[in-house]
Amino acid sequence: MIKQTKPHILIVDDDQQIRTMLARFLGEHGMRVTQASDGEHMFRTMEAGRFDVIVLDVMMPGEDGFTLCRKLRNTSAMPLILLTARNSETDRIVGLELGADDYVTKPFNPRELLARIRALLRRANGQPLATQRLASAVYQFAGWTLDTSRRSLLSPQGALTELTTGEFDLLVAFVEHPQRVLNRDQLLDLARGRVSLAFDRSIDVQVSRLRRKIEGDPNAPTLIKTVRNGGYFFTAAVTAAGAPVTP
C-alpha cells in the first residue's frame, strides 16, 4: 500500500461554491481536500479521517466559526485558519485568542490562502521559516522541557502541555533567544515569518495564551516579561544538549 503524502486539508464553509472552488484550486496544487458544510459535519468528518490543516469559515448558520474554534481547541492543537468576511481588528484578535493560527478575510486570493496553508504546514513539520534551528533540539528552562522534533512540551511535573502551532513557534523563538528583548517585529519574523502580514496585536494575544500555559500566575508572569515600549523578555536560562543557549 502506497502511503498518502499529500497534505489533507479540511474546508468548513456553508457556501458550497467557495468549498468547491477551494477544493479544486488546492487539489491542483498538490493537496487533498475534504469538505464540511457546518460544525456537526466537521466533527463527524474529523472522527473518520486525519487532517493537517483546517480552514474554518466564521460566519455560518448555527454554531459560528468562533464557537467551533473554541470547541476544537479543547481537544486538538491542529493548525487552523479562520476564513471570514469580517475584517475588524477586534474579530481577528478574538479568533487568535480562541486559538486560531491565522486569519484570512473575504474576498481573498486563493493563492494567498495557499501560501498561508503551506506556511502552517512548514511550521507544523518543524521546518524553519526565518531562522536556522537545530534539527532535533531539546530545550530545558525552569524545569520545562521543549522537544522541537516531537513538538512536545513537558511541565516540571512531567505532564504533556498541548500547544497550538502559533504558541509552539513563539515559545521556540523565546528559548532560542533567551534573556534578550525581542520586539514584536522580531517575534513575527522568528515565530511566523512574513507570509501572513500579521499585525502587532497578534503577538500580544499569542503571548497571553502562552503565559496561561507556562506561568504559575499569568497575571504576574515571571518567565515572559513585558518590556514597556520594547517588546518581551524571556527571563529563564535555557540549555540545549546540556549547553547554555546564549542570548
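# Questions on a predicted model

In this predicted model, 60% of the protein's contacts between residues at least 6 apart in sequence join residues at least 24 apart.

Colleague: How many helices and strands does the protein have?

Modeller: The model is predicted, and local features are taken where pLDDT is at least 70. The secondary structure of the protein comes to 8 helices and 13 strands.

Colleague: What share of the residues of the protein counts as buried?

Modeller: A residue is buried when its relative accessible area is under 20%. The protein has 247 residues, and the share of them that counts as buried is 49%.

Colleague: Which element gives the largest share of the largest nonpolar core?

Modeller: The largest nonpolar core has 31 residues, and those with the most contacts inside it include Phe-141, Leu-171 and Phe-234. Among the elements that give two or more residues to this core are strand 6 (138-141), strand 7 (144-147), helix 6 (165-176) and helix 8 (200-214). The largest share, 7 residues, comes from helix 6.

Colleague: Is Ile-11 buried or exposed?

Modeller: Ile-11 lies in strand 1 (residues 8-12). Not counting residues up to four places away in sequence, Ile-11 touches Arg-19, Leu-22, Leu-26, Val-33, Thr-34, Gln-35, Ala-36 and Val-55. Its relative accessibility is 0%, so Ile-11 counts as buried.

Colleague: What separates the C-alpha atoms of Ile-11 and Leu-83?

Modeller: Ile-11 and Leu-83 are 72 residues apart along the chain. Their C-alpha atoms are separated by 9.7 Å.

Colleague: How do helix 5 and helix 6 cross: parallel, perpendicular or oblique?

Modeller: The axes of these two helices come within 10 Å and cross at roughly 60°. That angle makes helix 5, relative to helix 6, oblique.

Colleague: Which residues of helix 6 make the contact with helix 5?

Modeller: Helix 5 passes helix 6 in a left-handed crossing. From helix 5, the contact is made by Leu-120, Arg-123 and Ala-124. By class, the contact has 2 nonpolar, 2 polar and 2 charged residues. On the side of helix 6, the residues are Thr-165, Gly-166 and Asp-169.

Colleague: Which residues does the cis peptide bond join?

Modeller: Pro-107 is in the loop between strand 5 (102-105) and helix 5 (110-124). The omega of the cis bond is about -5°, and the residues joined are Lys-106 and Pro-107.

Colleague: What is the relative accessibility of Ala-142?

Modeller: Ala-142 is in the loop between strand 6 and strand 7. Although Ala-142 is not a glycine, its phi is positive, about 45°. Ala-142 counts as partly exposed, with a relative accessibility of 49%.

Colleague: What is the relative accessible area of Arg-151?

Modeller: Arg-151 lies in the loop between strand 7 and strand 8 (152-154). Phi of Arg-151 is positive, near 55°, in a residue other than glycine. Arg-151 is partly exposed, and its relative accessible area is 25%.

Definitions and conventions. Residues numbered from 1 in each chain as written. Predicted model: local features only at pLDDT ≥ 70, side-chain atom pairs only at ≥ 80, totals over all residues. Heavy atoms only, no water. Core = buried A, V, L, I, M, F, W, Y, C linked by side-chain atoms within 4.5 Å. Buried < 20%, exposed > 50% of the residue type's maximum accessible area, 1.4 Å probe, protein only. Helix = DSSP H or I, 4+ residues; strand = E, 2+ residues; numbered from the N terminus. Axes fitted to C-alpha atoms, helices over the stretch in contact; angles between N-to-C directions. Parallel < 35°, antiparallel > 145°, perpendicular 65-115°, else oblique. Left-handed = near helix turned anticlockwise from the far one by under 90°. Contact = heavy atoms within 4.5 Å. Nonpolar A, V, L, I, M, F, W, Y, C, P; charged D, E, K, R; others polar.
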